[in-house]
Structure formats: structure tokens, C-alpha cells
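Thanks, everyone. I'll walk through one structure today. Please keep it open while I talk.

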Amino acid sequence: MSEAPGFERSSPAGLSAGKMDGHTVNADAILRSILGRGAQRFGMAAAVLRGERIIAQGAAGVRKRGAAERITLDDRFHLGSCTKAMTATLVAMFVEEGKLNWTSTLGELFAHTVKPMHPAWDKVTLRQVLAHRAGLRLEPDGLGAFKEMVRPPRAWPGTLAQQRLELARQALSRPTGIPPETKYWYSNVGYVLAGAVLEQLTGRAWEELMRERLFQPLGITTGGFGAPDSTDKSGQAWGHSPILGKPLDPRSPAAEIPLFFGPAGLAHMTVTDWAKFIALHLRGDPANPHCQAALLKLDTFAEMHCVAPVTTSKGWVMRGVNFLATGDAAPAVTYCAGWFISTASWARGKRPGETGRRLWHAGSNGRWNAGVVIAPEIDFAVLVACNRGIAAAWKIRQAVKALVRTFAPKRTL
């Protein structure tokens, strides 16, 4: 594996001179315009990438409703389901090392730890799990295997690895929700199982693997799991309750869902650290004219970013969970290894045959919100995070679109 690329900030070519912070365009005003009066109740931060460089960044709004402290780029944000691409990246590392295979089956992976396993799961592959085509159900009004497990996090017995294995036992001892590979069905359970696979393989917690194999090589120093909490006197943004919008003390059980959920969506970090991970996938995509391998081989990135017709699902409303579609709408969506994949005209490169393929995801634990879109053909990405949940989803979408309009390279005919 090659080393992680360097990461820097610099001014974008072709942009008119504006207010600059170092050599990076200050995007605070764009975010303030998106938040409007909401800036008194919550805040957001964003970064814009061209390759490995942050070409624009900004922060606006408040750390918590009812307080005057402003959001800063040093605040850490909960990434929700944007964590899934990180879990899939960990899986890919072990595939490259020959310790796993994309076609490894749940029957093989849990043969010694899940007994009895329902025979319907025997041939379900790791690739199908990561693409949400395994038949693992997760409905917002009926959490399947989670129903028996959801309780205040501190009441859980055992380590997080033991809790994830117990979830695997519950999920795999029952019949599939739908026949595997027949239909896309978004499943947080599937990514918890992927984390359990890594833990069974290594004997180490998913959180440890994330820090050692992903955060440290990429230079991510603010990465953590669960509700972000301040470790010094500088303060930290708080998440807000899903319905009333009340600020939630990060030490309160109400601030987070159970921590075993980690591989499906519990990472947190600053947006500038998150950008380091996004740059990895932006430059790793073979469609990027400046592509370069880092941590993984280019063939592995191609596998993780592939567009397979059998996984295409029309429309943005996916059965089970409604997801925020960043950027303009496209006729079809694919899911592969932690990324929704679709096309957009603004993301199309200049080389013959390019389609404007983009990778994107949104994430929320109900208290925070995040969204990212990657356009490899034009070597460009936007990521936005907010300390308000589903109620702020539209603001995230607006911010992503505004930053794309402002900073994406303009096509010339």
C-alpha cells in the first residue's frame, strides 16, 4: 500500500479574488446566507476540495441554541451514515491483504460464532452486505433486530465488540427480510455486521482499527466516536434533540444512539479532518485525471466506486430510509461500499465518454447532519456538517448546491 497523500490548503485557480483566510477562500458568508435566522439556533461548517487541497472553507451559526458561542472550523461534527464509507474502506484494506474477499459469505465469516444461522444467510456475500442488497431489513418504524437491543447505551452488557456480535446472532438467526440480491434495502444492521466481521478477524474493536488503520495514516487527529465532547476549555458544538431542537449535553444518554452502532454511523471529527478522508476517495477514483493510489490500490477504489446496473434504484426515496440527495437530481442511483453513485451534468469532465459520475452520502443520528458529494472527473468535492438533525437536512442540501455553484469548475463547450 502506498502512503497517504499530503494535504494542504491553497487558492483555487480561476476564482475571482475574495476574502481569503490564508490561501483558502473564506465561505462563511455563503453559509450564513443559507442558515438565515437558523444561525441563532444551530450552525454548520463546510470545506471544498480540489484534489487534496482545501480551496474554500467556512463556518457559521452557533454551537448550541440559546448561547452566543459561534461554530468554528475546530468544532467536531457527528458524520452519521457518512461513516459507512470509512467502514467499507477498512474492509477493503483487509481484502487487499488477502484476509477477506468481496465474495466472502456470511456463512463463512460467522461459521464459528453465530449458531444456529438461518440457511438463507449462508451464501450472502460481503459485497452484497456493503451494497445493501443482503436482505437485512432496517425500517425507521420497526428496527428489526435492533428492536430488542435499543436501550440506554450504559445498560448494555459486554464490550462493544460483544454487543455487535450479539446483534449478528440475532439478525442471522432469523430469515431474511427479502431474498438477498433481489432488491436494494438500506440497512444499518449490515454495516454493524461488517464491523463485527473485522472484529472477529482481528480480535480488536472496530474503533481501534479505525484509529490505527485510517485516522492515523491520514493525519486525522480529531476523529472519535459518538457525540463529540470537549476535551479542553475551548468548547465544542452540541447536537440538538430531533423534535424540539433542545441542545443536548454530549454526556447525556439522549445525545447518542447505542455505541455498538459505530460502523454504521458514529464517527465524528472536524470538517477539515473529514476532508482528508474525502480526498483519499476523490484522488483514488480511476476517473479522476489526477488519480493516485493511497492506502488502497486504484483497482480497489474502482471496486468500491463501481456502478453496477443490478444495484440501481430509481428515485431518491429509498425504501426504509429517506436520504438527502446532494446536488441536482439524477434519473438513477446505485449504492456500492459506502457511497450512493449517480450522475450530474456539473460533475462531467472534459474527456470523451465521461458521464459526470459522482459519489455522495448523507448522514444523521437525529441530532446532527452531514452531507458530502465527490465529483472525480473534475477532481472536486464538497462536504458540509451541521449540529442539527433531520430538521436541517434542507439547509445541508442548499449549502452543498451553493458551494458547487460557486466553486465547481465551469464547463466550456
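One caution to begin. This is a predicted model.

Start with the core. The largest nonpolar core holds 124 residues. Which members touch the most others? They are Met 86, Phe 110, Trp 274, Phe 277, Ile 278, Trp 346 and Phe 380. The top contributor is helix α2, residues 84–96, with nine residues in this core. As background, nonpolar side chains in soluble globular proteins tend to be buried together.

Take Ile 278 from that list. Skip its neighbours within four places in sequence, and Ile 278 is in contact with Leu 49, Trp 339, Val 372, Ile 374, Ala 381 and Leu 383.

Now the strands. Find β5, residues 53–61. Is β5 mostly covered or mostly open? Covered: eight of its nine residues are buried. Strand β4, residues 43–50, runs antiparallel to β5, and eight bridges join them. Met 44 has Ala 60 as its bridge partner in β5. β4 and β5 form a hairpin with two residues between the strands. In that hairpin Gly 51 takes a positive phi near 65°. The other partner is β3, residues 24–26. β3 pairs with β5 in the parallel sense, over two bridges. There, Asn 26 stands opposite Gln 57.

Next, an open sheet of three strands. What is the strand order? It is β6-β8-β7, with antiparallel pairing. β6, at 77–78, and β7, at 224–225, are the edge strands, each pairing on one side only. β8 covers residues 267–269, and two bridges join it to β7. Phe 225 has Ala 267 as its bridge partner in β8.

On to the rings. The count of aromatic pairs is nine. One of them is Tyr 186 with Phe 340, which is stacked. The ring centres are 6.5 Å apart, with 10° between the planes.

Tyr 186 is at 1%, so it counts as buried. Phe 340 is at 0%, so it counts as buried too.

Phe 340 has another ring partner, Tyr 335. Their centres lie 4.7 Å apart and their planes stand at 90°, so this pair is edge-to-face. Tyr 335 is buried as well. Now zoom out. Ring pairs link Tyr 184, Tyr 186, Tyr 335, Phe 340 and Trp 360 into a cluster.

Two lysines sit over ring faces. Lys 64 lies over Trp 238, at 3.7 Å from the ring centre. Lys 84 lies over the face of Tyr 191, at 5.7 Å from the ring centre.

Now a loop contact. Pro 289 is in the loop between α9 (271–284) and α10 (298–304). Its relative accessible area is 41%, so it is partly exposed. Beyond its neighbours within four places in sequence, Pro 289 is in contact with Arg 351, Pro 376 and Glu 377. Glu 377 is 88 residues away in sequence, yet 6.6 Å away C-alpha to C-alpha.

Cysteines next. Cys 386 is buried at 0%.

Last, the backbone. Most residues other than glycine have a negative phi, and most peptide bonds are trans. Here are some exceptions. The peptide bond from Lys 115 to Pro 116 is cis, with omega near -5°. Pro 116 sits in the loop between α3 (106–109) and α4 (126–130).

Ala 337 is not a glycine, but has a positive phi of about 50°. Look for Ala 337 in the loop between β11 (334–336) and β12. At 5% relative accessibility, Ala 337 counts as buried.

Asp 379 is not a glycine either, and has a positive phi of about 55°. Asp 379 lies in the loop between β14 (369–375) and β15 (380–386). Asp 379 also counts as buried, at 5% relative accessibility.

That's my tour. Over to you.

Key: Residues are numbered from 1 along each chain as its sequence is written. This is a predicted model: local features need pLDDT of at least 70, side-chain atom pairs count only at pLDDT 80 or more; totals for chains, interfaces and linings use all residues. Side-chain values use heavy atoms; hydrogens and water are left out. A nonpolar core is a set of buried Ala, Val, Leu, Ile, Met, Phe, Trp, Tyr and Cys residues joined through side-chain atoms within 4.5 Å. Buried means under 20% relative accessible area, exposed over 50%, partly exposed in between (1.4 Å probe, protein chains only). Helices (H or I, at least four residues) and strands (E, at least two) are DSSP runs, numbered from the N terminus. Contact means heavy atoms within 4.5 Å. Two strands pair if DSSP finds at least two bridges between them. Rings of Phe, Tyr and Trp (its six-membered ring) pair if their centres lie within 6.5 Å; planes under 30 degrees apart count as stacked, over 60 as edge-to-face and the rest as tilted. A charge sits over a ring if NZ of Lys or CZ of Arg is within 6 Å of the ring centre and within 35 degrees of the ring normal.
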